[in-house]
Amino acid sequence: MMLKKILYLLLTLLIMSGAISCSEKPILTTKEKLFLEKNDSIKVAVFPYYPPYQFTNDQGVMDGIFIDFLEEIETKINYKFKRVYYSDWNQLLNDAKTNKIDIVLEIQQTKEKEKFLTFYPPLFESKHAIVQQKKDIPIKNFNRFGTKKLILPYQYSIVEIIRKKYPNITIGYGKDELECLQKVSLGEYDAYVGPKAVIKYLINKNNLHNVSVNSELNFSYSPGFAVIKENKVLQSIIRKSLNSISNKEKKIIIDNWLFNVVTPFYEKPFFWIWVTIAIICLLIIILLINQYLKLNNVLGNSV
């Protein structure tokens with residue numbers, strides 16, 4: 001009898017946990033759901049030139065950390081955003097200022113951009129680092145940069161940071177991270193500064209073997225989502241969607257891209273699904289065996 005009570009208790013707990021997970025409070029209000037239904041083409045600005053955060057992979061498919069986060073949000077709110085692709089970061093910012101797009105997928109908060117965008121907490125941080133040709137003497141301190149030439153991507157947040165912190169440095173501009181690295185590789189500029197994860201990816205991907213990361217800086221690339229200032233309902237939707245992503249879900253996405261960590265089998269959702277199924281099946285088998293033994297016992301006593 002004790003075994004039977006334990007089995008029934010375990011089965012009840014499994015059923016209750018399933019019922020609780022299925023009856024979680026909805027992420028969005030009725031008003032927010034109606035807003036999404038009436039606006040079937042909310043535009044997300046995608047800049048697919050910033051691996052591993054967002055880029056076009058070898059199969060021609062959009063990939064990266066922020067693409068994974070966007071798809072996670074779409075799943076949670078049952079909505080598909082319209083992707084608008086940009087090859088020019090400056091054009092993307094101009095379209096955000098004039099409300100031609102609704103959401104910027106990946107952007108770092110600055111005072112200038114706060115004038116036309118509402119920002120959300122960064123999803124992660126990546127240390128900035130200095131890149132030079134391998135043959136050059138490493139630059140350890142920008143206060144002693146002297147007459148060297150620094151190149152940065154035009155209109156990126158790092159430009160505002162460097163200008164404020166080191167006003168005496170002469171800055172040249174490239175279209176994007178790759179162009180900056182290439183110009184350092186060719187010797188047209190002495191150094192470039194960017195997120196370490198991006199730098200390593202681009203150096204390996206484009207065989208820029210004569211340049212390397214020489215030192216890290218004390219400030220980081222901290223990107224997140226941003227929504228245009230005027231759209232308060234959309235701001236609420238994105239805020240709630242981002243908050244609904246658990247720390248475990250965030251860690252799996254970020255570790256997969258930035259640190260190349262293989263998620264342990266016991267942390268994968270499918271592992272626990274199969275464990276639950278196996279436990280339920282085992283309980284059913286035990287109950288059936290128990291009933292069979294009881295029936296045999298009754299029949300044996302009646303003979």
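Contact here means that heavy atoms lie within 4.5 Å. Axes are lines fitted to C-alpha atoms, for helices over the stretch in contact, and angles between N-to-C directions run from 0 to 180 degrees. Helices (H or I, at least four residues) and strands (E, at least two) are DSSP runs, numbered from the N terminus.

Good morning. The model before us is predicted, so local features need pLDDT of at least 70 and side-chain atom pairs count only at pLDDT 80 or more, while totals for chains, interfaces and linings use all residues. Residues are numbered from 1 along each chain as its sequence is written, and side-chain values use heavy atoms, with hydrogens and water left out.

I begin with the overall picture. The protein has 10 helices and 13 strands. Of its 303 residues, 42% count as buried, where buried means under 20% relative accessible area, exposed over 50%, and partly exposed in between (1.4 Å probe, protein chains only). Among contacts in the protein with a separation of 6 or more, 72% are between residues 24 or more positions apart. The protein exposes about 17700 Å², and carbon and sulfur atoms supply 57% of that area; the areas come from the Shrake-Rupley method with a 1.4 Å probe.

Let us turn to the sheet. Five strands form an open sheet with mixed pairing, in the order E5-E1-E6-E13-E7. Its edge strands are E5 (82–85) and E7 (117–119), each of which pairs on one side only. Two strands are taken to pair if DSSP finds at least two bridges between them. On average, neighbouring strands of this sheet are turned by 40° against each other, direction ignored. E7 and E13 (residues 223–228) run antiparallel and are joined by three bridges. Which residue of E13 is the bridge partner of Leu 117? The partner is Ile 228.

Helix H4 (residues 89–97) lies across E1, E6, E7 and E13, and runs at about 120° to E6. Helix H3 lies across E1 (43–46), E5, E6 (103–108) and E13, at about 55° to E13.

A nonpolar core is a set of buried Ala, Val, Leu, Ile, Met, Phe, Trp, Tyr and Cys residues joined through side-chain atoms within 4.5 Å. The largest one has 78 residues, of which Phe 81, Phe 142, Leu 150 and Phe 225 touch the most other members. H3 supplies the largest share of this core, seven residues. In soluble globular proteins, nonpolar side chains tend to be buried together.

Finally, the charged pairs. The structure holds 11 salt bridges, each a side-chain nitrogen of Lys or Arg within 4 Å of a carboxyl oxygen of Asp or Glu. In one of them, Lys 240 meets Glu 32, with the closest N and O atoms 3.1 Å apart. Lys 240 lies in helix H8 (residues 232–244) and Glu 32 in helix H2 (residues 30–38), so this pair ties together parts that are 208 residues apart in sequence. Glu 32 is buried, at 6% relative accessible area.

Another salt bridge joins Lys 76 and Glu 249, the closest N and O atoms being 3.5 Å apart. Lys 76 belongs to H3 (residues 65–77) and Glu 249 to helix H9 (residues 247–259), 173 residues apart. Lys 76 is partly exposed at 27%, and Glu 249 is partly exposed at 26%.
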